[in-house]
Amino acid sequence: MEADIVCVGFGPAMAGFLTTLSKQLVKVDGAPAVESAVLPGMPLQVLCYERADDIGFGVSGVVTRARALRASFPEIEKAAIPMAAPVGEEKMLYLLDPHGASRRSAALRLADACIRACQFVLPLEHYALKLPWTPAFLHKRGGLVLSLGQFMQWVGAQVQNTGTVQIWPGTPVSQPLIEENKVVGVRLLDQGVDKQGRPADGFTPGMDIHAALTVVGDGPVGPIGQELNAHFGLPEGHHTRDWAVGMKFVVDLPPDTPLKPGTVLHTFGYPEPELFGFLYVHPDRVASLGIFVPSWFDSPVRTAYRYLQHWMLHPYLWRYLKGGKLRSWGAKTLGESGKRGEPRLVGDGFARIGEGSGSTNVLTGSGVDEAWATGTLLAEAVLELLKAKKPFTKENLEATYVHRRRASWVEQEANIAEKSRDGFQKGVVRGMIGMGLAGLTNGRFAFNGDPVPPWKRVPSIEEYYHSRVSREKIAKLRHECGTKCVSLHDALMDKVGWPAIPFDGQLLVSHQDALLVGGKVQAPAGYADHVVFLYPELCEKCGTKICIEVCSGQAITPGEGGVPNFDREKCVHCGACLWNCAQPLPYDSERGNIAFRAGTGGLHSAEN
Ligand SMILES: Cc1cc2nc3c(=O)[nH]c(=O)nc-3n(C[C@H](O)[C@H](O)[C@H](O)COP(=O)(O)OP(=O)(O)OC[C@H]3O[C@@H](n4cnc5c(N)ncnc54)[C@H](O)[C@@H]3O)c2cc1C
Ligand code: SF4
Ligand code: SF4
């Protein structure tokens with residue numbers, strides 16, 4: 001099939017691109033403002049394919065300053081987007097460990113002791129120290145608390161109502177079509193295949209869509225972006241070694257909640273010092289809350305689900321959450337390399353936008369506004385080229401899109417943020433001070449620290465727990481968990497003093513039950529497994545098996561002969577397995593032994 005522009009993914013970046021583009025494709029009288037090259041006499045033919053089963057199915061924040069969103073929708077406050085509220089009170093909290101189960105450095109333990117000793121003069125309540133001020137660079141004053149799912153559904157309707165763009169959810173793109181280093185379009189996913197991708201009943205090969213321009217906005221772990229990175233390589237000195245997995249619950253707060261819509265709480269320090277947490281309040285007693293587990297957290301059992309439950313149970317938060325109810329949940333990767341993860345933004349026939357193009361600001365933890373802005377910049381560039389009847393060559397896209405991007409606020413702020421998180425490579429205290437330094441000095445000062453791939457920094461389970469659990473005990477637990485085909489982290493966390501989770505069937509539900517609550521996880525039949533263990537022999541010799549421990553949906557479990565099993569019915573497409581593998585590929589030490597390919601299904605919730 002032929003189109004003028006084909007787009008991969010419908011996240012905030014693509015929404016920004018299509019919102020700007022779609023407004024300028026037809027004149028007031030309905031005549032084409034820009035004529036299609038593939039259907040002469042018709043307006044430009046623009047197709048957008050989205051992997052998830054509906055628009056806005058996925059998971060993300062979001063509290064945003066909404067600068068770019070407001071530039072596109074000056075009246076956004078009046079649009080009555082469900083779950084949106086203006087940002088109100090913002091608090092930054094340091095959470096102490098009420099159980100003594102977390103791994104804290106000597107420096108942090110000393111700091112905790114000092115805080116406890118001075119509790120009568122410090123703003124300490126319920127084991128949480130409220131920071132006296134939130135630095136300006138972290139403030140979202142004047143911004144919005146949104147449900148990204150609801151916002152994306154609203155934008156999707158706006159874009160489609162223009163009648164100039166088609167958006168196809170439930171349609172994963174399997175690969176870019178590359179001819180002599182030129183991207184000439186995309187191929188959709190085969191249907192009617194078995195788990196290995198071999199033709200089965202009802203086999204329908206994925207269609208090829210040829211287009212003069214392919215716009216890639218498939219997010220931080222998108223397979224099309226990954227393939228372009230593998231084919232064209234990253235610019236010199238760039239890498240994508242820093243990541244986090246964000247896990248999020250959307251909850252009904254108890255009827256008597258004192259929390260007002262627009263409240264924004266940010267936490268650090270607990271359940272492990274390395275984990276950041278957030279709680280944003282929407283209207284009607286609904287809240288989005290969750291934690292981020294970063295790649296520099298040196299634990300081989302970095303499970304987001306169990307840690308999220310301990311975070312909710314922290315005394316400061318639990319007094320607000322007790323009596324609440326889970327509406328939906330999910331997990332998603334956040335690309336934390338920022339500017340350093342920027343790939344080749346353009347090439348002949350393609351352009352990259354959004355988080356997969358390195359747009360996320362790692363200092364402010366802001367990605368939506370930035371992604372949206374890159375989309376609008378590309379749309380302006382594309383319209384300029386179309387009107388000048390210039391082809392989408394690397395040179396022309398550089399002169400228009402890349403030029404605009406370099407001059408934008410996204411770029412200026414990304415430069416400030418570039419080194420802001422390096423301190424975390426050598427510890428949390430150093431990391432927090434480094435972030436503060438970078439933020440307060442506009443990036444002039446920051447602590448150094450060399451980001452390394454997770455497989456290089458994550459110790460074995462035996463090394464990590466050496467002072468708390470004996471090798472013999474670990475071997476016994478490993479055997480027991482292997483026999484039950486479950487991950488090891490629960491048993492280990494119980495062993496080192498984490499209290500049992502008091503499941504209440506409302507807000508505190510088992511990981512398995514969470515797959516069925518609210519936004520159910522679903523996977524249509526007839527598609528290949530999208531998580532693939534590339535070299536089984538590497539899995540056989542892998543002791544850490546961190547892919548099993550991190551899996552957000554319990555979709556990866558212990559398997560025969562040491563090679564894990566993958567159950568795509570449980571996969572929430574968070575992408576955490578892609579960057580958490582404990583073994584590098586023999587021919588590319590920047591990549592692990594897991595391929596995260598295009599796939600259907602995942603979370604069915606438009607609230608996240
Ligand atoms: C838990 C969490 C909380 C966050 N909180 C905030 C916050 O409060 N504020 C903020 O500003 N940012 C926040 N972020 C970051 C923000 O969500 C991202 O920066 C932003 O969503 C990036 O937008 P994007 O369009 O580039 O990519 P994405 O949002 O990742 O969208 C990419 C789209 O491409 C689709 N796709 C992927 N592969 C394919 C394929 N093969 N074929 C077709 N479609 C495909 C995906 O399904 C997805 O819809 C948060 C992130 C997480 C994980
Ligand atoms: S995928 Fe990676 S982490 Fe998982 S078992 Fe195989 S080598 Fe180990
Ligand atoms: S298998 Fe699915 S749910 Fe599990 S880590 Fe990978 S992408 Fe996430």
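At what angle do the axes of helix α8 and helix α9 cross, and within what distance do they come? This is a predicted model, in which local features need pLDDT of at least 70, side-chain atom pairs count only at pLDDT 80 or more, and totals for chains, interfaces and linings use all residues. Residues are numbered from 1 along each chain as its sequence is written, and side-chain values use heavy atoms, with hydrogens and water left out.

Select residues 368-387 (α8) and 394-406 (α9): their axes come within 9 Å and cross at roughly 145 degrees, where axes are lines fitted to C-alpha atoms over the stretch in contact and angles run from 0 to 180 degrees between N-to-C directions. Helices are DSSP runs of H or I of at least four residues, and strands are E runs of at least two. In the contact (heavy atoms within 4.5 Å), residues including Leu377, Glu380 and Glu384 of α8 meet residues of α9, among them Thr400, Arg404 and Arg405. The contact residues divide into six nonpolar, three polar and four charged; Ala, Val, Leu, Ile, Met, Phe, Trp, Tyr, Cys and Pro count as nonpolar, Asp, Glu, Lys and Arg as charged, and the others, Gly among them, as polar.

Next, select ligand 2 and the residues around it (a heavy atom within 4 Å), which include Phe533, Cys539, Cys542, Cys547 and Cys581. The elements that give two or more residues to this shell are α17 (536-540) and α18 (546-550), and the shell holds ten nonpolar, two polar and no charged residues.

Definitions and conventions. Chains lettered and ligands numbered in written order.
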